[in-house]
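My entries follow in the order I made them.

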Amino acid sequence: MRIGVLTSGGDCPGLNAVIRSVVHRAVVDHGDEVIGFLDGWKGLLEADYRKLDLDAVGGILARGGTILGSSRVQPAHLRDGVERARGHVADLGLDAIIPIGGEGTLKAANLLSQAGLPIVGVPKTIDNDIASTDVTFGFDTAVGVATEALDRLKTTAESHQRVMVVEVMGRHTGWIALHSGMAAGAHAIVVPERPFDIEQLTEIVGERFSAGKRFAIVVVAEGAKPRPGSMDLEEGGVDMYGHERFAGIGNRLAVELEHRLGKEARPVILGHVQRGGTPTAYDRVLATRFGWHAVEAAHRGEFGMLTALRGTDIVMVPLAEATSTLKTVPADRYDEAQTVL
Ligand code: F6P
């Protein structure tokens, strides 16, 4: 069999573990040939690829990022994108393509699959918001990074009697905010699924200071929004010393809380640090299992499917089902966390 693999969309710790696993299972166990397209779908559309043998994947299990590179180019965005992909698959004699990606990548995978290409998808995202899989690799690593940051911020917040507003990734869902906030014992967690009320948030943080505590930690997902009429999000703002602050939910909340509470507040935007560096053991194992099962599905001719974790099992799920909706944080998880607004 000849298999093409690619990584597309925002990178995430564990991508290299999948690539390595695909090569080990396909080349060593099945005697297949594997090529890796460079920079995501772009590599497939431009027939830009490299051969992946055992040497090529040596020592990459613990390495963050992706040895193949990634981009946000989608076949549907380009004129003749689907036809070009189909032509290159035929020219290269590929029997299967394994795209590893998040929501956008898997939608493109579904499109190509419906156009008749032999696709087996592998889900990835630190956001953990892909429906059909209980967990995506990268999430555990991101939560670990965010939790360590929150733990560290507590000591400096306490020294200065400050409110730390920590913005974590999560454009549409609050999984990283929820888990890191719970793990670090944050005093308030703000997620996109539940628009927040600035009065309520101010009250929660204010009560902490009234009770004699010296600091407060607020975790906010980057996609969190205020309830309509609760707070103007568009404007940036100035702090209580008249210094300009940037717009963006973390910055805006810090400025707003500082003014409302008369306590110094500092925004900390964790950003891409959550996506960088070595994957945790959990993510390496999940990524390795996904790679192994993707090769097996290709050998069974089970195309148009996606590897997924259900409980402790890896199962195959139709791509169309996996991309139809996002996995948001269910309301009962807010109750468990106690500090979700
Ligand atoms: O989807 C993963 C993710 O890390 C989001 O959490 C974040 O909003 C986005 O990607 C950032 O994308 P980029 O790398 O293009 O800035």
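Before starting, I wrote down the rule I need: two strands count as paired if DSSP finds at least two bridges between them. I also noted that this is a predicted model.

Entry on the open sheet. I looked up β6, residues 163–168, and β8, residues 216–221, and found them paired in the parallel sense over six bridges. One residue I checked was Val168, whose bridge partner in β8 is Ala221. I then traced the whole open sheet: it has four strands in the order β7-β8-β6-β11, with parallel pairing. From one strand to the next, I read an average twist of 20°.

Entry on the helix. I found α5, residues 139–160, packed on this sheet, where the helix touches β6, β8 and β11. The direction of α5 makes about 165° with that of β6.

β12 (residues 305–310) and β13 (residues 313–318) run antiparallel and are joined by six bridges. Opposite Thr307 I found Met316 in β13. Two residues separate the strands of this hairpin, and Gly311 in the turn has a positive phi of about 65°.

Entry on the ligand. Which residues surround the ligand? I listed Gly10, Gly102, Thr125, Ile126, Asp127, Met169, Gly170, Arg171, Glu222 and Arg275. Sorted by class, this shell has two nonpolar, four polar and four charged residues.

Note on methods
Residues are numbered from 1 along each chain as its sequence is written. This is a predicted model: local features need pLDDT of at least 70, side-chain atom pairs count only at pLDDT 80 or more; totals for chains, interfaces and linings use all residues. Axes are lines fitted to C-alpha atoms, for helices over the stretch in contact, and angles run from 0 to 180 degrees between N-to-C directions. Two residues are in contact if their C-beta atoms, placed from the backbone, lie within 7 Å. A residue is near a molecule or strand if its C-beta atom, placed from the backbone, lies within 6 Å of it. Ala, Val, Leu, Ile, Met, Phe, Trp, Tyr, Cys and Pro count as nonpolar, Asp, Glu, Lys and Arg as charged, and the others, Gly among them, as polar.
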